[in-house]
Amino acid sequence: MLPRKSRGARRKLGATIRSFGSQGGRRKTKQHRLFFPRRFTPFVRPSGLYFLSSPSAFTQFETTLSHIFHTHTNTPPCVVWYSPVAMATACTPSREAGWEGARMVTLARLQERLPGLKEDYFHRNRYVDQYRKSEYNAAVKIQSWLRGCKVRAYIRYLNKMMVFIQKWWRGYQARKIFRKMAETAYFIMKMNFYNEMAVRIQKRWRGYYVRKYIHNYYALKRYLEAIALNNEMIRKELEEFAEMKEKEEAKKALEREERKKDYLARKMHYLLSTEQIAGIYNSPYRKSPDPMELQLRKVKPLKEKKKQIPKELHWQACIDDSFGFQRVPALPPIQRQKPQGPFRDPAEVQQQRYKPFEEFLKVAASEASLKLAREKLKQEEWRNRVHDNVFLPFSGHEPDTYVPSMQRASKYGQSSYGLKHFREEHPEKWIGKKLSVSPSSSPEKTVGDFQEIYAEICKEKMLEVLLLFS
Amino acid sequence: MFHRVFEQYQRARTQFVQAVAELATRPQNIETLQNAGVMALLRPLLLDVVPNIQQTAAMALGRLANYNNDLAEAVVKGDILPQLVYSLAEQNRFYKKAAAFVLRAVAKHSPQLAQAIVNCGALDTLVICLEDFDPGVKEAASWALGYIARHNAELSQAVVDAGAIPFLVLCIQEPETALRRIAASALSDVSKHSPELAQTVVDAGAIAHLAQMIFNPDAKLKRQVLSALSQIAKHSVDLAEMVVEAEIFPVVLTCLKDSDEYVKKNAATLIREIAKHTPELSQLIVNAGGVAAVIDCIGCCKGNVRLPGIMMLGYVAAHSENLAMAVILSKAIPQLAVCLSEEPEDHIKAAAAWSLGQIGRHTPEHARAVAVANVLPVLLSFYMASESAEDLQVKTKKALKNILQNCTHLPSLEPLLYDAPPNILKHVVGQFSKVLPHDPKARRLFVTSGGLKKVQEIKAEAGSLLQEYINTINNCYPEEIVRYYSPEYSEALLERVENYQPVL
């Protein structure tokens, strides 16, 4: 309930007041529409009809309506129905005059009035009947109008309330959203600001850091200078190294050259000039002899060259060479065109040409074969002997001292059997003086061996010769 | 009597085998020998009772098989290998040597032949031969193993599985130079296929011994050692670091000054293989002065020996701008320019172009250093030349693009305006359009040198990037100057003269 206000204020609030229609003490508003007070319990039952029995009742009803609609809101609404009986009752005198006397008087008066009353009653009823229909219709019309008004008013009222509620609800919601939006916007603004500031700080710091530690221009410059210096040094060192190497190479080459020259001089030592005859390097037309001449004078003449073993054989030299390994000349080419003309087959010619020299065995056998055989035997012996202390077989060779075995040692002493004697000997009974002879080889034996070998070889050769000739 | 018959027979056999072995040394005889059915004749002689004949027969076979693939295949098809493998384990050292020679000669030709040898079970006997007392046998066996492992990863794996690596590492430590050389080469052949194989070699402790041998005066040994180290280092960062940790660094640089070409080449390859992995390893090489040494090496040799050095410079420069700057300071660019213009072979040119591109792609400073050496026109000419290989064209194009996108040195860019194709011209004009708006002096120079005129002559498609750049350049100048330099200006002037109505 709004408080009372000044007129101006009230006018402003008119709408509200009117819409509420519940202002205490403001019965006579100018408004024409019907309003139901707030606490007004609807009295109209959906199927209810109010019977008005007389014109006075009608007027009474009218007043009642006005009464209803303009009564104080606090008064509970009620509908008063005036029936004829009730009206008659209302006309009875009061009880103050005393029950007995009054009753009599009243009766007399009533009886006096009775005929007229009957007429009156009749007229009245007729009159009522006469207008009953139209009254009824009018009542229906009024009621329908009234009810329509009421329902519309109620709907309007509901609508108003709905709008009101929605208005407030929406306002509330929108304010809430707005507050949230504002908050977010503020937050974003703040964040942007902070970010910007952070970027500013980081920018400065990173610039500083990078310049100081990572891309330090001066350090880089120093580093590059150092590298350039280092490179120079390395270059110089390598140059020196290369020079040294070159010198070494040159020295080696010089030595090689010297050796070659030396060899040449030794080889051509016969060109040395003598006292009498000047050599070719010592021309008499020259002031000084050729350096070669000096070289020749310095060196010794080359000795007769020994026959060298072919190089390819160096790892084959120690192969078991039992049959006298002999190098053969290269084979003739296999396929060659036969030359035009009365010539033999080239292969045949080649074969003829490269045929190794075949000699008679008599010639082939060396004179010194005996000597060679002896040599060979000697060599064999020398090769086979690993040790100077020749290992001799057991027979005829006795150990120096006897070492008794543990099994045979006993505290009872040793029997001499097997050590001193094997069986009893009686030399005095021997017929001849027999002594043991050591089996050493005599030099005569060896010579005899050789003779045997020689004889065999001769026999073989003779056989071969015989075979050849046969 | 009998004796004589046998002697004759044996002598004949010996003579035959020796003659065949002798003939097989000359390539021109081999076909004839083959036609004469020498294989079938030699095969029984491998099982001869006389060891000398066996050996010589094996040698003859080896020489034949060495000659070409078909003969080697004939050896395999003739079922000679099992005999050889069998007697490899049994016979004396000379025979072992000869048999290993045959195996080597067969294995050398193709992976299939090598696989055939592996299938015969030769690996185990060869590994046993590695344990032999005689260095010659060891040498022959490790040679054969190296030739087998050379072909592919599976064969190498088979060699590793046979347990050859520890013996090969032992062989490196022998005093005989020839044996060391061949063992090092075998290790190189094994480790070149995959990181795992290289790791096995490293696990056997090869690196330390190999690294020691860099000091060796023998050039051929040095070649093999350097090659083995580079084959180990090429696979991964870890392996490269292990090689570096063997303290090869100042020493390898002396190899770059060696008199032997292959030592130089292999040393440069080793440095390249190490440098290509990480910036740190490159930095280490730069700090050791390796770049200067390599540049000197490039300067004093020719042809393919230069190639690894050139690539090494590219790898180092590719890692970071500081390293690229170090490369520039070591005076690499003149050498590379010389290589680019002097070398006759396309692949070396391509490598040089690639390296220059890697050096120049970092910053305007780098690009300027490259451009000042007058490299750009040379690169362009190779790109345009129709006779240059496709690879060279691709490499030069990339290098040009890399350098041009960073280059702000206008005098060296200007010649490119005249003869560059549109796809290069785009970058050139783009660089002008970037520089000219901010540099009044350059704007003036650009007009006086005729660049602006050239730009007006370029016909670019409307809306293309090139057109945009041209517009940017035109916007740097007053309109009448642009119009003055545009090619139709004289006609336009004449037209105006024609259309002019004289005022009387």
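Reader: What does chain B average in pLDDT?

Author: pLDDT is the predictor's confidence in each residue, from 0 to 100. Chain B averages 91, and 100% of the residues score at least 70. This is a predicted model, where local features need pLDDT of at least 70, side-chain atom pairs count only at 80 or more, and totals for chains, interfaces and linings use all residues. Residues are numbered from 1 along each chain as its sequence is written, chains are lettered from A and ligands numbered from 1 in written order, and side-chain values use heavy atoms, leaving out hydrogens and water.

Reader: Which helix of chain B has the lowest mean pLDDT?

Author: Where pLDDT is low, the predicted coordinates should not be read in detail. Here helix α6 (residues 81-90) of chain B has the lowest mean, 84, among the chain's elements, and α22 (residues 306-319) of chain B the highest, 95.

Reader: How do I describe α16(B) and α19(B)?

Author: Two packed helices are described by the angle between their axes and the distance between the axes. For α16 (residues 219-233) of chain B and α19(B), the axes come within 8 Å and cross at roughly 20°. That makes the pair roughly parallel (angles under 35 degrees).

Reader: Is B:H277 buried or exposed?

Author: Buried means under 20% relative accessible area, exposed over 50% (1.4 Å probe, protein chains only). B:H277 counts as buried because its relative accessibility is 19%. You'll find B:H277 in the loop between α19 (261-275) and α20 (279-287) of chain B. A polar atom of its side chain lies 3.3 Å from the backbone oxygen of B:E273.

Notes. Helix = DSSP H or I, 4+ residues; strand = E, 2+ residues; numbered from the N terminus. Polar contact = N/O pair within 3.5 Å; in protein donor to acceptor, adjacent residues only side chain to side chain. Axes fitted to C-alpha atoms, helices over the stretch in contact; angles between N-to-C directions. Parallel < 35°, antiparallel > 145°, perpendicular 65-115°, else oblique.
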